[in-house]
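Thanks for making the time this morning.

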Amino acid sequence: MSRSTPTVAVVGTGAVGAMALWHLAERGIRATGFDAFAPGHDRGGYGGQSRIFRMAYREGAEYVPLLQRSLELWRTLERETGTALLTTTGGLTIAPTGHPDLEMVRRCAAEFDLPHEDLGPADAADRFPHLPVEDGEEALLDHTAGVLRPERAVIAAAGRARSLGAQMHRYCPVSRIEPSAGGVRLTTPRGQETFDRVILAPGPWAREVEGLADLPLEIHQITTMWYQPRHPERFLPDRSPIVIRSGPIAYSTFPAVDGETVKVSLHSLPRPHVPSADHVSRNASPELLAGLHEAVTRFLPDLHPDPIRTGAYADCFTTDGHAIVGELPSLPGVTVLTGFSGHGFKMSPVLGEIAADLALTGATVHDVTHLTPARFLP
Ligand SMILES: Cc1cc2nc3c(=O)[nH]c(=O)nc-3n(C[C@H](O)[C@H](O)[C@H](O)COP(=O)(O)OP(=O)(O)OC[C@H]3O[C@@H](n4cnc5c(N)ncnc54)[C@H](O)[C@@H]3O)c2cc1C
């Protein structure tokens, strides 16, 4: 390795940071990861067994190229590590006719020629009788959608980075990030260390980072529940797609990746604010329990309506629901990736690639203009 190879630190090796570490290591960069815990831990934005991958994207067509590249990179990481990470199951977006989410997923499918099917209530009842589509609703089945295994993926990316020469400091929180003559200085329990560049991906701890104080970031708790199906075989990933239902009662459901339980996440109630992921509580509010009960009894009659397991996690949200990717005047030399607003996991491989591009060259071939920090800066 040449002496002129830059040194790059990755602060936070969760979903995005572990992928950044992998991409840096692939390029022969002297990369060092720091995490307050260890890759694969249960406290970050990526906890809870499963994450949805989908490409017909209700959040906006500008994401589709990023998701197409992510799909390639998910398969690359699977190949390089011999680990199954993404199971393609198909994904149903169900919404009242004319709902903007349905319009957007149809637009993505048409503009990018994504493999999909439009389903009305009768077609859906034939295909997926356990996932009813009501009269007045329609569905789009995105054939590229599926289920990701998040803890396994973060461990795989960080492990691959280490096998390519990256260093990883586990249980090593970074308490200060500041410019110094030789680059960017980090303070940790190990002491102080200076790197040419830093990639910062702190997830639901972002509000604790001094240099991010001016950004409109909020940390929200997301509580998910697992249910026992009456017929678990109907929910197995080879016959049951992920579901995102929009409308007055909105939620997502996952196939039984463990062969046994179905995870449901309610979207139609406000999510509580917390200062950081250290403050989440597994005690679900009566409103959340009532909302889930209504959703499950009405739309998922094949599940026993009382949850058998609770998972409480948090993610960092921005006020417009889109992430922040780039450098900030308050943190020179630092590429910031934060505010993934409840939908960052599926694109973490391309975000890691973009992080490495920006940290090393200041530019990327991927179009991330919609994620520019400039939209929040004075
Ligand atoms: C319940 C739930 C369900 C979700 N479902 C989906 C889904 O289905 N599909 C999808 O695409 N997205 C989903 N998301 C969103 C997605 O999981 C997050 O957007 C993504 O994990 C955020 O990645 P991140 O790297 O920003 O943060 P994280 O993955 O949380 O990683 C941050 C890391 O930084 C470390 N860290 C923080 N501060 C420091 C510090 N000072 N020093 C050292 N280390 C530090 C933490 O320990 C952590 O490991 C969901 C989120 C939640 C909470």
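Which of the 34 residues around the ligand come nearest to the ligand? Please keep in mind throughout that this is a predicted model. The residues that come nearest are Asp35, Gly45, Ile52, Asp315 and Lys346.

Histidine 41 places a polar side-chain atom 2.8 Å from an oxygen atom of the ligand, while alanine 15 uses a polar backbone atom, at 3.0 Å from a ligand oxygen. For histidine 343, it is a backbone N or O atom that lies 3.4 Å from an oxygen atom of the ligand. Taken on its own, the ligand has 1000 Å² of accessible area, and the protein covers 95% of that.

As for where the shell around the ligand comes from, the elements that give two or more residues to it are α1 (15-26), β3 (51-53) and β18 (309-318). Of these, β18 provides the largest share, with three residues.

The UniProt record, an unreviewed entry, places the feature "domain: FAD dependent oxidoreductase" at residues 8-358. In the model, the end C-alpha atoms of residues 8-358 are 12 Å apart, and the span is 25% helix and 28% strand.

Finally, the aromatic rings. With ring centres required to lie within 6.5 Å, the count comes to five aromatic pairs. In one of them, the rings of phenylalanine 37 and tryptophan 205 have centres 5.9 Å apart and planes at 50°, so the pair is tilted. Phenylalanine 37 sits in the loop between β2 (30-34) and β3, and tryptophan 205 in the loop between β13 (197-200) and β14 (217-227), so this pair ties together parts that are 168 residues apart in sequence.

Terms used. Residues numbered from 1 in each chain as written. Predicted model: local features only at pLDDT ≥ 70, side-chain atom pairs only at ≥ 80, totals over all residues. Heavy atoms only, no water. UniProt positions renumbered as here; feature names shortened; annotations may be inferred. Helix = DSSP H or I, 4+ residues; strand = E, 2+ residues; numbered from the N terminus. Near = heavy atom within 4 Å. Polar contact = N/O pair within 3.5 Å; in protein donor to acceptor, adjacent residues only side chain to side chain. Areas by Shrake-Rupley, 256 points an atom, 1.4 Å probe, with all protein chains shown as cover. Phe/Tyr/Trp six-rings, centres within 6.5 Å; stacked < 30°, edge-to-face > 60°.
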